[in-house]
Amino acid sequence: MGVLEELGGAVASVGEQVGSAVVGIGRRQRGSGTVIGDGRVVTNAHNVRGEEVTVRFGDGRTATGRVAGVDWDGDLAVVEVDTTGARPLEWATGDVGPGAVVFGAAASPSGSARVTVGFVSAVERAFRGPGGRRIAGSIEHTAPLAPGSSGGPVVDAAGRLVGINTNRVGEGFYLALPADGALRERLEALGRGEAPSRPRLGIAVAPSHVARRLQRSVGLPERDGLLVRGVEDGSLAANAGIQEGDLLVEVAGKPVTDADALQEVLGQTEPPFEVRIVRGTEERTVSVGGAGQASGEA
């Protein structure tokens with residue numbers, strides 16, 4: 001048997017293994033979804049509208065699902081729906097790296113799953129979610145995907161879940177959220193209706209290069225950081241004593257040189273935490289979200 005015949009056989013085998021777990025999302029298929037458990041489907045947040053969504057299964061059956069939880073910043077949603085007849089995907093173990101063979105699966109207008117093959121071309125890629133927040137740690141692969149494929153699974157040759165397709169980058173490259181322990185925990189929380197909580201400082205900032213230019217213009221030493229352009233009344237920042245004109249250089253022990261770095265740190269941190277600021281020529285540390293301080297969510 002030649003290489004092409006073997007590859008075709010692998011695609012057909014994967015299609016048989018994962019076909020029932022791949023569903024269409026939306027009456028006119030805005031995207032795809034993946035059955036991850038009894039009564040549970042994961043898709044991208046940008047595929048859902050409101051509290052209900054039409055789910056179409058590979059056997060042609062349609063059902064109305066209830067959106068159990070949505071993480072807009074992470075572009076994830078979990079839908080409760082009758083998954084009778086659909087076999088949830090098994091999760092892969094271990095990480096995939098560049099060169100790994102992967103298969104992309106998505107719903108098609110006819111109901112049956114589309115399956116394509118490609119390679120992991122890079123890992124730890126980042127993209128912007130629907131709310132503009134940077135989503136890091138994605139898998140980049142080359143398995144071709146048609147419009148309406150986001151939310152469908154990326155699997156290995158054994159049909160085990162490797163990632164959730166989310167974003168197209170350029171021509172022929174696609175990003176998927178890795179199916180790791182962190183994703184499993186996030187989906188379990190969304191399935192329980194628990195929205196992710198992320199601290200929100202409540203500040204407007206200028207990028208580091210603007211901060212350096214302003215420091216230079218007033219004769220202050222240049223320093224990487226985010227210049228505070230405004231502070232919301234009653235916010236975490238206001239209650240911590242952060243003021244307009246302060247330079248944020250460190251949050252929770254990590255340097256912040258741009259807004260993405262700040263958002264990433266906040267997404268991994270719960271109050272209370274410390275913020276290092278420069279005010280004029282003085283450097284100081286303030287506590288954010290300590291006893292008696294209000295808290296906020298993004």
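**View 1. The largest pocket of this predicted model has a volume of about 880 Å³.** A pocket here is an open set of points on a 1 Å grid over the protein atoms alone, where a 1.4 Å probe fits, with protein on both sides within 12 Å along at least five of seven lines; lining residues have an atom within 4 Å of a point. The volume is the space filled by probe spheres set on the points, and grid points are joined across faces, edges and corners. Among the 32 lining residues, Asp71, Arg186, Arg198, Gly267 and Gln268 are the closest to the centre. Two or more lining residues come from each of strand E9 (134–141), strand E12 (173–178), H2 and helix H5 (259–267). H2 provides the largest share, six residues. Helices (H or I, at least four residues) and strands (E, at least two) are DSSP runs numbered from the N terminus. By type, the lining has eleven nonpolar, seven polar and 14 charged residues. Ala, Val, Leu, Ile, Met, Phe, Trp, Tyr, Cys and Pro count as nonpolar, Asp, Glu, Lys and Arg as charged, and the others, Gly among them, as polar.

Residues are numbered from 1 along each chain as its sequence is written. As the model is predicted, local features need pLDDT of at least 70 and side-chain atom pairs count only at pLDDT 80 or more, while totals for chains, interfaces and linings use all residues; side-chain values use heavy atoms, leaving out hydrogens and water.

**View 2. The second largest pocket has a volume of about 250 Å³.** It is lined by 14 residues, of which Asp95, Val96, Ile139, Pro178 and Asp180 are the closest to its centre. Strand E8 (113–128), E9 and strand E11 (161–169) each supply at least two lining residues, and E9 gives the most, with three. Eight residues of this lining are nonpolar, three polar and three charged.

**View 3. Six strands close into an antiparallel barrel in the order E1-E2-E3-E6-E5-E4.** Two strands pair if DSSP finds at least two bridges between them. The twist from one strand to the next averages 40°. Strands E3 (residues 40–43) and E6 (residues 76–80) pair over four bridges, with Arg40 partnered by Glu80 in E6.

**View 4. Strands E17 and E18 form a hairpin with two residues between them.** Gly280 in the turn has a positive phi of about 70°. Seven bridges join E17 to E18 (residues 282–288), and Arg279 has Glu282 as its bridge partner in E18. Strand E17 (residues 273–279) also runs antiparallel to strand E15 (residues 247–251), with four bridges.

Conventions:
Axes fitted to C-alpha atoms, helices over the stretch in contact; angles between N-to-C directions.
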